[in-house]
Amino acid sequence: MKFLFVHQNMPGQYRELVQWLGDSGDHDIVFLTQRKSPPKFKGVREVIYKPHNRAKDDAYGLVKTWENAAGSGFGAAMAAKQLRDGGWTPDIIIGHVGWGELTFIKEIYPDVPVIGFFEYYYSVKGGPVGFDPESPVSEHSPYLMAAHNTVPLVNIEVVDQAHFPTYWQRDRFPKTFHDRGYVCHDGIRTEQMLPNADVTLELGRLEKPITRQDEVVTYMARNLETTRGFHQFMRALPTLQAKRPNARVLVIGGNDTSYGGKSKHKGGLRGQMEAEVGDSVNWDMVHFLGQVPYEDYQKIIQISRCHIYLTMPFVMSWSLLESMSMQATIVASDVAPVREAITHGETGLLVDFFDPEALANQVAKVCAEPEKFAHIGPNARKHVVETYDFLTVCLPEHLRQINALVPSDKRIEIPA
């Protein structure tokens, strides 16, 4: 089959699917992206395009999102036109609608079916906006949120099938969207994300490697930001260390902002929170590791006695499901998207996002009595294998959806 994938930051949510299709050697795959140096995948040809236009900094705020989306959409369409004029037409187009890249794709390939990834629908209710009183919404926020939604509202008429990664994300969209798509996660390679009782980890300022016998608490986010609860994590440290002074805390994440507003502190949110908690934290027992290679990230989760996953109501991180696959004992925010994956007391432990004392107390209990919570890690892995495994759950569903849109002679055999 001929596939055209479209995502500004290749591979995005299609990492596992593109790799599996490419490894099979049976398909002609083109990936359209803005990423200047995209990763290489066997059997995949990258085509880099530039947006035709970007909104100026002083552009009217309510049209900025659409102006950028239209520029990306037209740039992607012109790149697709070159493919078409060169004699290449895909059997199916699969892409993310969020940045407008699919908006004009049917003008180039009107008869080719399109599956669009619908990630998030903005609102001042039920999501991160307006959730935290420390980040109050402005009177203009409802209008800005509505303006953001022009892109999915236009693109629902472009795609032949919508794809939502979780039920919580689907339910963010208007009900008119729901019966026009399917729900299936991108998929977790659970056969690769395994527990490892013999793991060891070397840290620069320690003479000896740490092991599973050490008391290790971990926190991870792509960036240390309020949307992922970093401020609440930092506020929990004094109580946690008072109860578990020998716990070594490993923190993964960059000092930037992926979602929401940035801290005005010159040291970013990390600097702001370090100043807030100050001398009440034993910094010798806290290790900020930045953004680490994937192999090191796996070791850090595998060695953890208790892993902390905090988030406002927002898109569920891959790292949560990967940590569950590695049998981590997780203490997480009690918010709707997390409850889709974690049942309190069975596959993880849930605490109030706004209660750092409760967070610290729950983590301290896990560290003090690991045998009491020994069932959680295996239960978490079992749940992820049964619900989110790429090869046995998600891949077959994605292939069923693709097969339903293409002629019978193009359909891909679904792995048993």
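Arginine 400 and glutamate 397 both lie in helix H15 (residues 390–403), 3 residues apart, about one turn of the helix; helices (H or I, at least four residues) and strands (E, at least two) are DSSP runs numbered from the N terminus. The side chains of arginine 400 and glutamate 397 meet in a salt bridge of 3.1 Å, N to O, a salt bridge being a side-chain nitrogen of Lys or Arg within 4 Å of a carboxyl oxygen of Asp or Glu. Arginine 400 is partly exposed at 41% relative accessible area, whereas glutamate 397, at 19%, counts as buried. Here buried means under 20% relative accessible area, exposed over 50%, and partly exposed in between (1.4 Å probe, protein chains only).

This is a predicted model, in which local features need pLDDT of at least 70 and side-chain atom pairs count only at pLDDT 80 or more, while totals for chains, interfaces and linings use all residues. Residues are numbered from 1 along each chain as its sequence is written, and side-chain values use heavy atoms, with hydrogens and water left out.

The salt bridges come to 20 by this rule. In one of them, arginine 235 meets glutamate 134 at 2.6 Å, N to O. Arginine 235 lies in helix H8 (residues 230–243) and glutamate 134 in the loop between strand E5 (114–117) and H4, so the pair ties together parts 101 residues apart in sequence. Arginine 235 also forms a salt bridge with glutamate 276 (2.8 Å, N to O). Glutamate 276 belongs to helix H9, so this second pair links parts that are 41 residues apart in sequence. Both glutamates are partly exposed: glutamate 134 at 47% and glutamate 276 at 43%.

Threonine 190 is found in the loop between strand E7 (181–183) and strand E8 (200–201). Threonine 190 is buried, with a relative accessible area of 3%. A polar contact of 2.5 Å joins its side chain to that of aspartate 389; such a contact is a pair of N or O atoms within 3.5 Å, where within protein one must be able to donate a hydrogen and the other to accept it, and residues adjacent in sequence count only if both atoms are side-chain atoms.

The sheet comes next. An open sheet of 6 strands runs in the order E12-E11-E10-E13-E14-E15, with parallel pairing; two strands pair if DSSP finds at least two bridges between them. Strands E12 (286–290) and E15 (349–351) are the edges, each pairing on one side only. Strand E11 (residues 248–254) pairs with E12 over 4 bridges, and valine 251 has phenylalanine 288 in E12 as its bridge partner.
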